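Hi,

Here is the structure I promised to pass on. Have it open while you read, and my notes follow below.

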Amino acid sequence: MSACAEGEPSRAPIPMERPEAEPLSASGSCQAGEAEAEAGSGPAAEEPGGRAAGTMMEDCLSKKIEITVSEAEKRTGRNAMNMQEIYTAYLIETRAVESQTEGQCSPPDSLWRRYSEFELLRNYLLVNYPHIVVPPLPEKRAEFVWHKLSADNMDPDFVERRRIGLENFLIRVASHPIICQDKIFYSFLTQEGGWKEMVNETGFQLKAESRLKALNATFRVKNPDKRFTELKHYSDELQSVISHLLRVRARVADRLYGVYKVHGNYGRVFSEWSAIEKEMGDGLQSAGHHMDVYAASIDDILEEEEHYADQLKEYLFYAEALRAVCRKHELIQYDLEMAAQDLASKKQQCEELATGTLRTFSLKGMTSKLFGQESPEQREGKIKVLEEQIHDGEEQLKSKNVEGREFVKSAWADIERFKEQKNHDLKEALINYAVMQISMCKKGIQVWTNAKECFSKM
Amino acid sequence: AGRAAAANRRGRRPGCHGGMEAESRVPGPPLSGSPAGGAGGAAAAPRPSPPGAARAPPPQPPEELAFDDDEEDLEVFSKDTSLTEANSFSPLIPTSPSSMINQYKFEDEPELKDLFITVDDPESHITAIETFITYRVVTKTSRGEFDSSEYEVRRRYQDFVWLKSRLEEAHPTLIIPPLPEKFIMKGMVERFSDEFIETRRKALHKFLNRIAEHPTLTFNEDFKIFLTAQAWELSSHKKQGPGLFSRMGQTVRAVASSVIGGGVKDRPDMFTDINDYMETFNQKINLIDKISQRIYKEERGYYCEMKEYGPIHTLWCASEEDLVDSLKGVASCIDKCCKATENRMAGLSENLLPALHEYVLYGEILTGVLKRRDQIQADLDSKVDALSNKKTEKDLLTEEIGNLEDKVECANNALKADWDRWKQNMQHDMKTAFLNVAENNIHYYEQCLATWESFLTSQTVDLHLGEDSEDKP
């Protein structure tokens, strides 16, 4: 595995569920990766890779190819139960970056994918890179809607925002030093036919940990790394506060919409009133026009704010990705603890057999009491078996320990990367929000100044 | 001769032809301060209904505007040349006390104001029978006919109602200002809630001041008694005089006799025009009142949500060390905008809403005034009919008719002049109210802008984003 030049801690792949991922290119410039955010992607997709230097790898896929999700199209097809369904397909275009800089404008490669395929890709990544905070997908169904927004998945505005979200997802994956190198990911971008089969053939679903097992580990683990416990709390808080914020923001948007739109009624009534007024008529009529402008302006304002909401939503969903990493740690740790416990109990058994004392209850002990003691040869045999098991167990425990430590190390590295990305993105989102508010205020001042002038002519 | 003159006077009204349909886009001829004959040509260009369409500039001949400040009241009558031309019955010679009073100025000049009234200090009174509120009415004046220069009395709503009915009786075709309603149907406000009392107090204050500013009503005797008499004096004074019944009778007759859509036969076009205008005006002002109330409601809802919105950002700080500045900044901005919204709302409830509501109430008042005028004319018409039918008692009837003709003429003049005045006031009040709204909104947005801009500055200093952020939509 040709890793990147910098001291990336996750250079050594985790020995477990790593598929036949091959690096796409060993070369690359040594600058920190900057994702190419397309114009159409809006604030949601801006520069996910442009983080503080040193944490991003220079030969991220995003440096080499430009990825856009440029179109969305309604399709009809047949689902698994052979019933007709309507779904939206998204056009993914990829274009080599070098061809652009040389002034050539080669046509992009493109293929169509639907949302469920994105989900499949992400699930694959989750299973195969459990130590990575895998970027989230945009929401499956519209949530936190305020009344004017449709909760319909077919709504063009929703589809548009989802398109942007999917593009953002791909760019984030492509900008991640590790997962950008995944072959399945690359095929997702480039190979239209047979991709689903290819993914399924990797058998990743079998490797997926069952939820029940994970839950069990979470409850029973005794010594998880404190940092992960804290991270879990943090992700819960993050999710809770962003949800709350988004809910209230939706209500604020609703009310703001109401304030603006009701003013539109002035326009109509002023116009009708102006018909019977001699001196006041002109002023009324033109003021009414400005009221119409005012009422209409809220649509764009709130549409833009949706993009801001989407930026926050991404981090709402990232919380779940964080928790997934924590769960994996707990699983590994639990597995380790169980193995250690098992080893300890075997050692004890061995000791008891060797010394002939019975310190703990064992079925063997009881049966031997009931049916008579075993012969020294039998005991020797048992001891030998146990000693072998103990030896194997110790080896396993050693490798599990290594595994556990490796996981913690690499996971934590990615978490640090994530934290920096998050701080940067959220700060920028808040600034965007301020910019939007400023724009709204300026528009308001202009409209009301115009209206004031009309009123003064009344 | 008298009859011919009467017919002439009724028939000719300058420029008030082509009455207006209620929703017509073509404005009627001048209803405000109509000058002589050429008024017909002064109709403004038709107003197209779609908003935003350009309107031709109204050709406003100067004589249609309000009277010059220096003009004597007498000028009002001389401008109405139909009267002077049509007959020898010159209205310039005062023939009745009311027209004598009409000689005073119609303009409301603050420098000449010599009567200042305030209504404040609502107080609850509980008796065995009822609970009611009294308001303190303070009057300061330099007028000679007042014995003192300052008065302080307490009045309850009933007293105001009494005053209004007395004024309507004395001046059936003058526009008496509206009183606040007895009840509010809108549900949310209880009879004795602070909000209701305050709204009522403001309206009562306005009511008395409107009377004080009215060139005729300000000298009404009952008004003076209302302002100056002690409680017991007022009670005993109330018991004298015709009281409520005669007024009711008058209006009942008026309502009964007026025909919908046609009014009195040969009603002067001017008053039909006023009637048509008021129909549309009432409809529009009611709509605007509703719209404005709704805006207030939405703004209040927005305010409530914003109050919750800001603190969430502060809450978020607890789990984000690196974002504390940004989050706190946003929280503070939102809180400041919240405060600014509160101010904007206050502006609405203190200025626009009461102003609109007063004109909503004026609708009914003007309808009543027009009806009473019609009734006065109907009385005349019926006598005239009687004269043409009867052969005897001609002289008596003729004399009666003469008196009634005077009455009709005075009523018409009084109403016309008061209508002009009302129209002017309305324009001024509406303009002021909406200017105030616009200013409040500008101020609101300016405050919010300043707050967000200073936040942005503090942030971009850190991130060195500089000019980039301005390119963002």
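In this predicted model, the axes of helix H3 (residues 115-128) and helix H4 (residues 156-175), both of chain A, come within 12 Å and cross at roughly 30 degrees. Axes here are lines fitted to C-alpha atoms, for helices over the stretch in contact, and angles run from 0 to 180 degrees between N-to-C directions. Helices (H or I, at least four residues) and strands (E, at least two) are DSSP runs, numbered from the N terminus. The crossing angle makes H3(A) roughly parallel to H4(A); the cut-offs are under 35 degrees for roughly parallel, over 145 for roughly antiparallel, 65 to 115 for roughly perpendicular, and oblique for the rest. The crossing of H3(A) and H4(A) is left-handed, meaning that the near helix is turned anticlockwise from the far one by less than a right angle (clockwise would be right-handed).

As for who touches whom, Tyr115(A), Phe118(A), Leu121(A), Arg122(A) and Leu125(A) on the H3(A) side meet Arg162(A), Leu166(A), Phe169(A), Leu170(A) and Val173(A) of H4(A). Contact means heavy atoms within 4.5 Å. By type, the residues of this contact are 8 nonpolar, no polar and 2 charged. Ala, Val, Leu, Ile, Met, Phe, Trp, Tyr, Cys and Pro count as nonpolar, Asp, Glu, Lys and Arg as charged, and the others, Gly among them, as polar.

A note on the bookkeeping: residues are numbered from 1 along each chain as its sequence is written, and chains are lettered from A and ligands numbered from 1 in the order in which they are written. Since this is a prediction, local features need pLDDT of at least 70 and side-chain atom pairs count only at pLDDT 80 or more, while totals for chains, interfaces and linings use all residues; side-chain values use heavy atoms, with hydrogens and water left out.

Staying with chain A, there is an open sheet of 3 strands in the order E1-E2-E3, with antiparallel pairing. Two strands pair if DSSP finds at least two bridges between them. Strands E1 (65-78) and E3 (109-114) of chain A are the edge strands, each pairing on one side only, and the twist averages 25 degrees from one strand to the next. Strand E2 (residues 84-96) of chain A pairs with E3(A) over 6 bridges, and Ala89(A) stands opposite Arg114(A) in E3(A). H3(A) turns up again here, lying across E2 and E3 of chain A at about 90 degrees to E3(A). Helix H5 (residues 183-190) of chain A lies across E1, E2 and E3 of chain A, at about 100 degrees to E3(A).

Now chain B. Its open sheet of 3 strands has the order E1-E2-E3, with antiparallel pairing. Strands E1 (115-126) and E3 (150-156) of chain B each have a single partner strand, so one side of each lacks a neighbour in the sheet. Helix H11 (residues 324-389) of chain B holds Thr341(B). Is Thr341(B) buried or exposed? Thr341(B) counts as buried, because its relative accessibility is 0%; buried means under 20% relative accessible area, exposed over 50%, and partly exposed in between (1.4 Å probe, protein chains only). Leaving aside neighbours within four places in sequence, Thr341(B) is in contact with Glu299(B), Tyr302(B), Tyr303(B) and Tyr444(B).

Cheers
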